[in-house]
Amino acid sequence: MPLNLTIVTAQRTILEEAGVTKLVVPAAEGQITILPSHAALMSSLGIGEMVVFTAAGAESIAILGGFITVANDQVSVLADAAERIEQIDVERAEAARARAQSRLEGRGEPPIQGGLDVLRAQFALRRSLTRIRVARRRAGGATGVPASR
Amino acid sequence: MAGGGAVRGIRDRIKTISSAAKVTRAMELVAASKMRRAQDRAVQARPYAVTMRAVLAQLAAYTAGGGDASGLHPLLQSRDAKHVSYVHITSDRGLAGGLNANMNRAAAALILEHQPRVERVSVISAGRKGRDFFRRSGMEMLADFPELGDFPNFEDVRPIARLIIDEFVSGRVDQVFIGYQRFVNAAVQRPTTRQLLPIVAPSDAELGAAGASNIDFIFEPSPEELLATLLPRFVEMQVYEAVLEARASEQSARMVAMRQATDAAKEMVGDLTLQYNKARQDSITGELLDIVGGTAAIENK
């Protein structure tokens with residue numbers, strides 16, 4: 001029996017898919033793969049690419065933190081933010097990446113003050129890189145298991 | 001002639017009222033379309049809320065375990081309430097019938113209920129109508145979040161949740177309530193108040209079929225750590241939910257109020273038109289009588 005997957009954010013439902021054969025998830029503790037009949041699981045999610053495999057192929061979705069629960073082949077993802085390929089604003093993500101990178105290299109405005117700012121910039125960088133990586137799937141079409149986060 | 005003045009007066013009033021009716025009719029249409037959108041947003045936010053409640057109920061069942069309150073997450077710990085804060089969600093603009101007045105009344109009732117038992121009650125307002133009400137009555141205002149707009153995003157609402165979590169965790173505030181107009185349907189909105197902090201974790205019993213605490217979950221990381229990341233989100237989600245409901249209620253209340261205003265104006269125009277025709281006829285009859293009377297007087301000479 002395939003997995004039944006729903007991905008929701010506070011604002012809307014991102015994806016509802018009943019025929020999922022395999023799921024690769026950026027869990028907080030590392031990437032995990034979920035197959036049908038997976039043990040009941042509750043985990044927090046990191047920032048990364050999620051790949052949804054169905055009979056029709058694979059789809060990449062950018063997941064930017066949240067939770068996942070798996071129980072009885074029902075998978076619910078409560079994402080802080082999630083974007084499908086066509087929803088990603090590549091230009092914005094590129095701009096965010098450039099901004100975060102220059103801040104981390106100490107060139108940005110306003111300058112980084114203290115560890116919290118570094119952490120913020122690092123998170124911004126990871127979010128933008130995830131969006132860019134997922135968006136690139138659109139052009140290439142080839143979706144596989146994502147490279148290390 | 002005297003009759004002519006009355007006729008003109010009535011005609012001017014008809015004109016004024018008709019143009020007012022045009023304005024209220026336009027406002028009704030705008031509110032109707034905004035209501036559909038606001039309602040749509042509230043519906044779209046629901047799956048997240050439902051799933052989160054279910055997850056929280058499961059987690060809470062795992063972590064509550066010993067019944068020892070000190071081990072609980074700070075956002076779940078209830079303590080002696082000295083300072084109660086109340087988040088008051090109203091609209092920024094009026095012309096929505098009794099919507100904001102009803103909300104203000106419900107809020108005042110909640111505050112009056114708590115005031116005798118605690119040292120301090122403060123208000124956090126989101127919406128001009130509620131802010132003005134509590135300012136006038138001299139309540140302590142902890143913060144104000146004006147102009148959230150007709151269709152606020154999750155990110156717009158987050159600062160409210162952030163503030164109350166900070167105040168609560170730092171111990172400055174011991175209990176937080178929220179009040180908003182719940183959207184029942186296009187004709188009915190209900191003032192609703194509920195406790196935000198400390199969090200009352202939903203139980204499986206109230207969730208019905210959605211709960212499943214008999215499942216043996218693997219937790220990654222530990223249930224306590226999961227709870228610690230989930231609970232602030234839960235508060236944010238509840239504030240967001242309240243604001244979305246309040247916005248849908250606002251538009252539907254305005255739509256109904258404007259429809260009533262349009263109907264009332266149309267009725268007045270109807271009555272006035274009748275009066276106008278009567279007055280016009282009276283003045284014509286008067287003129288005719290004058291002419292007839294005048295001619296008769298000449299012929300009789």
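## Nonpolar cores

A nonpolar core is a set of buried Ala, Val, Leu, Ile, Met, Phe, Trp, Tyr and Cys residues joined through side-chain atoms within 4.5 Å; buried means under 20% relative accessible area, with a 1.4 Å probe and protein chains only. In this predicted model, local features need pLDDT of at least 70 and side-chain atom pairs count only at pLDDT 80 or more, while totals for chains, interfaces and linings use all residues. Residues are numbered from 1 along each chain as its sequence is written, chains are lettered from A and ligands numbered from 1 in the order in which they are written, and side-chain values use heavy atoms, with hydrogens and water left out.

The largest nonpolar core has 54 residues, of which Leu59(B), Val87(B), Ile89(B), Ile164(B), Leu197(B), Ile199(B) and Val239(B) touch the most other members. Two or more residues each are given to this core by strand 5 (57-71) of chain A and by several elements of chain B, including helix 1 (2-64), strand 1 and helix 6 (223-299). Helix 6 of chain B supplies the largest share, 13 residues. Ile14(A), Leu23(A), Ile68(A) and Val75(A) are among the members of a second, separate core of 23 residues.

## Strand 1 of chain B

Helices (H or I, at least four residues) and strands (E, at least two) are DSSP runs, numbered from the N terminus. Strand 1 of chain B (residues 83-89) is largely enclosed by the rest of the structure, because seven of its seven residues are buried. His83(B), Ser85(B), Val87(B) and Ile89(B) lie on one side, and Val84(B), Tyr86(B) and His88(B) on the other. In a regular strand the side chains alternate between the two faces of the sheet.

Strands pair if DSSP finds at least two bridges between them. Strand 1 of chain B runs parallel to strand 2 (residues 120-126) of chain B, joined by seven bridges, and Ser85(B) has Ser122(B) as its bridge partner there. With strand 4 (residues 175-185) of chain B, strand 1 of chain B forms five bridges, also in the parallel sense; here Ser85(B) stands opposite Val176(B).

Contact means heavy atoms within 4.5 Å. Beyond four places in sequence, Leu59(B) touches Met42(A), Phe219(B), Pro223(B), Leu226(B), Leu227(B) and Leu230(B).

Thr69(A) lies in strand 5 of chain A and is buried, with a relative accessible area of 9%. Thr69(A) and Ala40(A), 29 residues apart in sequence, are 7.4 Å apart C-alpha to C-alpha.

Terms used. Buried < 20%, exposed > 50% of the residue type's maximum accessible area, 1.4 Å probe, protein only.
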